[in-house]
Amino acid sequence: MAVTNQPGRFQPSEFQTGLMECCDDCGVCWYTLLCPLCVGCSIASDMDECCLCGLGMPIRAVYRTKYNIRGSMCNDFVTNYFCMCCATCQLKRDINRRKEQNVF
């Protein structure tokens with residue numbers, strides 16, 4: 001019998017906001033557009049990672065794995081390659097929502 005799902009704390013899910021739903025939190029959107037490195041450091045800090053790890057595919061993959069969010073490394077790479085600001089904004093919005101829900 002093959003294991004297709006690892007037992008975990010969270011049910012499989014999607015990100016809580018879509019990739020292009022930047023207007024859901026305009027503050028995060030503007031913050032990301034004006035200073036993406038600052039948002040990257042904030043994300044890394046939220047996840048107890050080095051500030052240099054806050055942007056890009058690796059942090060997104062770690063976050064997806066931690067919260068059992070559907071996706072793949074390939075999808076993470078393509079999303080970050082073509083839409084880095086949107087992907088960063090989506091990740092920060094998701095972290096903020098999970099903090100509000102006390103599940104972060």
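The largest cavity in this predicted model has a volume of about 40 Å³. A cavity here is a set of points, on a 1 Å grid over the protein atoms alone, where a 1.4 Å probe fits but cannot get out. The grid points are joined across faces, edges and corners, and the volume is the space filled by probe spheres set on the points. By this rule, the count is 1 cavity of 30 Å³ or more.

Which residues line the largest cavity? They are Ile43, Gly54, Leu55, Gly56, Ile59, Arg60, Asn80, Ala87, Thr88 and Leu91, where a lining residue has an atom within 4 Å of a point. Helix 3 (57-66) and helix 5 (84-100) are the elements that give two or more residues to this lining. Helix 5 gives the most, with 3 residues. By class, the lining has 5 nonpolar, 4 polar and 1 charged. Nonpolar covers Ala, Val, Leu, Ile, Met, Phe, Trp, Tyr, Cys and Pro; charged covers Asp, Glu, Lys and Arg; the others, Gly among them, are polar.

A word on conventions. Residues are numbered from 1 along each chain as its sequence is written. Local features need pLDDT of at least 70 and side-chain atom pairs count only at pLDDT 80 or more, while totals for chains, interfaces and linings use all residues; side-chain values use heavy atoms, with hydrogens and water left out.

Now the chain as a whole. The protein chain has 5 helices and 0 strands, in the pattern α-α-α-α-α along the sequence. Helices (H or I, at least four residues) and strands (E, at least two) are DSSP runs, numbered from the N terminus. The C-alpha trace spans about 50 × 30 × 25 Å along its principal axes. Buried residues (under 20% relative accessible area, 1.4 Å probe, protein chains only) make up 36% of the 104 residues.

Last, backbone angles. Most residues other than glycine have a negative phi. Asn68, in the loop between helix 3 and helix 4 (73-82), has a positive phi near 55°. Asn102, in the segment after helix 5, has a positive phi near 60°. Asn102 is exposed (over 50%), at 69% relative accessible area.

Notes
On a 1 Å grid over the protein atoms alone, a cavity is a set of points where a 1.4 Å probe fits but cannot get out, and a pocket is an open set with protein on both sides within 12 Å along at least five of seven lines; lining residues have an atom within 4 Å of a point.
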